[in-house]
Amino acid sequence: MKNVLQLVWLIPLLPLIGFLINGLLRKQLSKSLTSVIGSGVILGSFVVSLLIFLQVKQGHTAVVNLFDFISVGKLSIPFSFQVDQLSSIFLLIITGVGFLIHVYSAAYMHEEEGQHYARYFAYLNLFVFSMLLLVLGSNYVIMFIGWEGVGLCSYLLIGYWFKNTEYTNAAKKAFVMNRIGDLGFLLAIFWLVNKFGTVTYSGVFSQVAAGAATLDGSAAIVGITLLLFVGATGKSAQIPLYTWLPDAMAGPTPVSALIHAATMVTAGIYMIARSNILYTLAPFTQAIVAVIGLATAIFAASIALKQNDIKKVLAYSTVSQLGYMFLGLGVGAYTGAVFHVMTHAFFKALLFLGAGSVIHAMHHEQDIRKMGGLRKYLPITHITFLLGCIAIAGIPPFSGFFSKDEILAAAYGANKVYWIVGVITAGMTAFYMFRLYATTFLGQFRGGEQLHGHHPHESPAAMTIPLIVLAILSVIGGWIGIPEVLMPNAHSLEHFLDPIFAESAKHAHAHHLDHNTEYMLMGVSVGIAVIAIFYALGRYSKRPELGEPTGFGKVLANKWYVDELYNFIIVKPLNWLGKLLNNFVEKDVLDWTVNGVGRLIGYSSRQVRLLQSGQVGSYVLLMVLGILAFFVIQFFVKK
């Protein structure tokens, strides 16, 4: 059975095959065959991932070398996959949740034309392939290839409806902002090569561990980790590179679920968790990570409070929850951050797919002010969405409670201010999620005009079954990480990930909390969340907000005017500079200079050509004049 690890190459290969078949044969394949191929290859990857996880759970790990990728002098970069505890967890998340999203897509996208339907599934398969490559690579270069792959696929999928200019602009925005972060990642790789002579995880981490005494807090480690974090801020949508993610919902809703839950945005968390020993030896960078994560968490949560687009609320919620994960990484709670990635994948995929079911029933209406009362018409979507809201609000014993509590407890141990801001953010999360729930599902139905007097109806089984599965995972998914204070030795995930974070644990400053403190922290965070939930239910179930926000609410509704600020200080100056270069430098300087040289040569040629008249008398005259000039120079000028 240990040979199962050697089959790890099948996991990314299957989605790649699905991409090629659906992409190349998109005009020949039927819709049903396209969806079977697109979903089937992901199911195959999930089965292999599950078998590998069972092997890893028994303590077996491996680095599977496929071929030599780059070999220059002493630098050797193999194309190889690393199968261990961390990658196996991400494999299950990506392929498991990804498969459910593919199944859901088969029904959600059924109105698309045949070849565009196949194009959609081809992009989805390529997206999953790229993400699998990212988490499976045994070195930073392979990770970077997958990193760029998910960036390309997000561009293709966000701009899937490419005839809509607004959507293509959103795709370009995501692409450009990610490239900014990617530059940081690329520079970090060059620095790793310069410093350690290798980019393999085993090579870098073993050298760092051996030289921990001299490398702790060194400029090289701080610089490398900061550059890696720049890459993470782009891919995982943190301040200041977060504005692309809410706009990314321009793509089909299942794409939003895939980006927000199972693939792209988790890349930054994975990268830092994988590089944990580097960050543990760079306390300055860790503080930056924690502060940026915390600031992003509360900033995005404040924006979500006043959004009326069902997907925008969820999008800013994702940015906020990613902030929690970075807070966990910043305070050294690596297991907690990975734990929250997992639980967040369950309930955020559930919430996005639930939103898709609502949008499907409302004939593409996304404004929650035009909904209400959907509980009666969408019973499965309603109950599963409610479970997702409870999970993300952090109410025990739902999954979000355990992972969020672990991060908040670690934040309390590191810095009390971190915990206070984190708890306030948790309360805001509970409020905006139940504002969304109450406005959408409770009260009276307000969408008659949109549906021309008809009532919405529940989605087909292909869409509701993934909702049910994800709802079950959202409820029980956190039970693999029950804290010691509630049940001794019940944190299975922590034990499982111990080998990945063991070296960091030797150098980290542990903050142990007594049980009374832990109970107090749990009570406060849950109490605030419960108060926020009941306030939101009471406020919005009977009196939904239908008017336009004013005052500070308007600032939040307009997202703190950050997009406008970026437009003013970056986009407009760059556009102005571009026009200046195009209209003045290009046309009036470069074109004039190049064309002027051409005109000068042309004019000179025409004048010199006159000397070639073809008349012998003229040539004799010129020859005589030349001889005279020669004698004059020889006898008078030189003397």
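Tutor: A helix here is a DSSP run of H or I with at least four residues, numbered from the N terminus. The model is predicted. With that definition, alanine 237 is placed in the loop between H9 and H10.

Student: What makes the phi of alanine 237 worth noting?

Tutor: Most residues other than glycine have a negative phi. Alanine 237 is not glycine, yet its phi is near 55°, a positive value.

Student: Which peptide bond ending at proline 240 is cis, and what is its omega?

Tutor: The bond runs from isoleucine 239 to proline 240, and omega is near 5°. Proline 240 is in the loop between H9 and helix H10, residues 244-247.

Student: Where is proline 397 found?

Tutor: Proline 397 is in the loop between helix H17 (379-393) and helix H18 (399-414). The peptide bond from proline 396 to proline 397 is cis, with omega near 5°. Most peptide bonds are trans.

Student: How do you know how H9 and H14 are oriented to each other?

Tutor: Helix H9 (residues 219-235) and helix H14 (residues 283-304) pack at an angle of about 20°, and their axes are 9 Å apart. Angles under 35 degrees count as roughly parallel. H9 and H14 are therefore roughly parallel to each other.

Student: What makes the contact between H9 and H14?

Tutor: On H9 the residues are Val222, Thr225, Leu226 and Phe229, and on H14 they are Phe284, Thr285, Ile288, Val289 and Ile292. Seven of the contact residues of H9 with H14 are nonpolar, two are polar and none is charged.

Student: What does UniProt place at residues 139-429?

Tutor: An unreviewed UniProt entry places the feature "domain: NADH:quinone oxidoreductase/Mrp antiporter transmembrane" there. The span 139-429 is 77% helix and 0% strand, and its end C-alpha atoms lie 36 Å apart.

Student: How many Å separate the C-alpha centres of domain 1 and domain 2?

Tutor: The domain assignment gives domain 1 as 139-547 and domain 2 as 567-637. Their C-alpha centres lie 64 Å apart.

Technical notes: Residues numbered from 1 in each chain as written. Predicted model: local features only at pLDDT ≥ 70, side-chain atom pairs only at ≥ 80, totals over all residues. Heavy atoms only, no water. Domains from an automatic or database assignment. UniProt positions renumbered as here; feature names shortened; annotations may be inferred. Helix = DSSP H or I, 4+ residues; strand = E, 2+ residues; numbered from the N terminus. Axes fitted to C-alpha atoms, helices over the stretch in contact; angles between N-to-C directions. Parallel < 35°, antiparallel > 145°, perpendicular 65-115°, else oblique. Contact = heavy atoms within 4.5 Å. Nonpolar A, V, L, I, M, F, W, Y, C, P; charged D, E, K, R; others polar.
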